[in-house]
Structure formats: structure tokens, C-alpha cells
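Please read the numbered points beside the sequence and the model.

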Amino acid sequence: MNVSYQLWFAVRYVHVASVALLAGGAAVLCASCVAPRTRGAADAVLVAALPYEWLFWSLAGVTVLTGVSNLGVKGDGLMGPATVWGKALTTKLSAALVLMALSLLRTDFVIRCSALRHADLPSRARAVLGWMYGVTVAILLSALWIGLG
């Protein structure tokens with residue numbers, strides 16, 4: 001199978017760019033959870049979190065597709081889990097599965113918080129969201145770092 005370098009680079013670029021957008025959005029939301037609130041204003045965290053969750057799941061799909069495509073390019077050259085590269089890939093895929101499970105919980109929590117009748121999130125809910133987005137950033141950046149090695 002002869003894949004051009006330009007196509008491979010474009011797919012890899014989309015893969016890394018989508019992870020960067022996911023991590024950047026989660027970092028901004030994590031920071032906004034710890035920022036002081038403006039009294040009387042609608043909670044900015046929920047205003048930003050709902051569209052981010054839609055974007056997250058769309059870009060997560062793109063990331064999975066481009067990641068599988070990157071593995072497909074290797075074809076028979078894909079090393080087994082007993083090698084150093086194979087262990088790194090296993091770790092990265094495990095981190096991706098943990099991220100998906102955490103993200104399901106996070107999305108459910110955001111949806112439930114948005115259903116609250118009052119405009120401001122309780123402090124505990126803001127703290128939980130801050131931790132969830134912080135863990136999301138940590139997992140995304142660690143998986144990206146493993147992929148660069």
C-alpha cells in the first residue's frame with residue numbers, strides 16, 4: 001500500500017490538532033471553574049460547557065478515526081505489545097478508554113447541572129466540574145505526549 005507523505009501528514013495533523021483543541025477547551029473550562037463568579041450573572045461555566053461537550057464528542061470521533069488511520073498506515077509493521085512501542089501504544093489506548101468513560105460521566109454531569117432551575121452552579125458542582133475538566137486535560141496531554149515518543 002503506497003500512501004503519500006502529504007496524506008499521512010494531513011491525517012496526523014488533524015489528529016494532533018483535534019487533541020489540542022480538546023485539551024485547550026478543557027483547560028479553559030477548568031480555569032473558569034476556579035475563577036471567581038460574578039454575582040447575578042448566568043454561570044459562564046455552563047454557558048461554555050454545553051457547546052464544549054458537543055465539540056468534544058465530535059472531535060473525539062475525528063481523533064479516533066485519524067488515530068486508527070495512523071495505525072492502519074503501519075499495517076504489518078505494527079509492533080506487538082511486548083515491544084517498548086507496543087507497550088506505549090497499549091498505554092495510550094488504555095488512557096483513551098479511560099478518557100471516554102470519564103467523559104461520559106462529565107457530559108452527564110454537565111447535562112444534569114444545566115437542568116438546575118437557578119442560574120448559578122453550587123460551589124461543589126463547580127469544583128467537581130473543575131476536577132473533571134482538569135483530569136480530561138491531564139489524560140489528553142499525557143496521551144499526546146506518549147504519541148510523540
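1. Helices (H or I, at least four residues) and strands (E, at least two) are DSSP runs, numbered from the N terminus. On that basis the protein chain has four helices and zero strands, and its elements run α-α-α-α from the N terminus on. Ser103, to which point 4 returns, lies in helix H3.

2. Some conventions apply. The model is predicted, so local features need pLDDT of at least 70 and side-chain atom pairs count only at pLDDT 80 or more, while totals for chains, interfaces and linings use all residues. Residues are numbered from 1 along each chain as its sequence is written, and side-chain values use heavy atoms, with hydrogens and water left out.

3. For the chain as a whole, 31% of the 149 residues count as buried (under 20% relative accessible area; exposed is over 50% and partly exposed in between, with a 1.4 Å probe and protein chains only). The protein chain exposes about 9,300 Å², of which carbon and sulfur atoms supply 72%; accessible areas come from the Shrake-Rupley method with a 1.4 Å probe, and for residues only the protein chains shown count as cover. Of the contacts (heavy atoms within 4.5 Å) with a separation of 6 or more, 79% are between residues 24 or more positions apart.

4. Ser103 is buried, at 0% relative accessibility. Not counting residues up to four places away in sequence, Ser103 touches Glu53, Phe56 and Trp57.

5. Which residue forms a salt bridge with Arg106? The partner is Glu53, with the closest N and O atoms 2.8 Å apart; a salt bridge is a side-chain nitrogen of Lys or Arg within 4 Å of a carboxyl oxygen of Asp or Glu. Because Arg106 lies in helix H3 and Glu53 in helix H2 (residues 44–74), the pair ties together parts that are 53 residues apart in sequence. Both ends count as buried: Arg106 has a relative accessible area of 0%, and Glu53 is at 4%.

6. Arg106, in helix H3 (residues 84–114), also has a side-chain polar contact of 2.8 Å with Thr136. A polar contact is a pair of N or O atoms within 3.5 Å; within protein, one must be able to donate a hydrogen and the other to accept it, and residues adjacent in sequence count only if both atoms are side-chain atoms. Leaving aside neighbours within four places in sequence, the residues in contact with Arg106 include Tyr52, Phe56, Met132 and Tyr133.

7. The structure holds two salt bridges. One of them joins Arg112 and Asp108, the closest N and O atoms being 2.9 Å apart. These residues are separated by about one helical turn, because they are four residues apart in helix H3. Arg112 is exposed at 57%, whereas Asp108 is partly exposed at 35%.

8. Zero disulfides (pairs of cysteine sulfur atoms within 2.5 Å) are found in a search of the whole structure. Cys30 is in no disulfide, and the nearest cysteine sulfur, that of Cys33, is 6.6 Å away. Cys30 is partly exposed at 22% relative accessibility, while Cys33 is buried at 7%.
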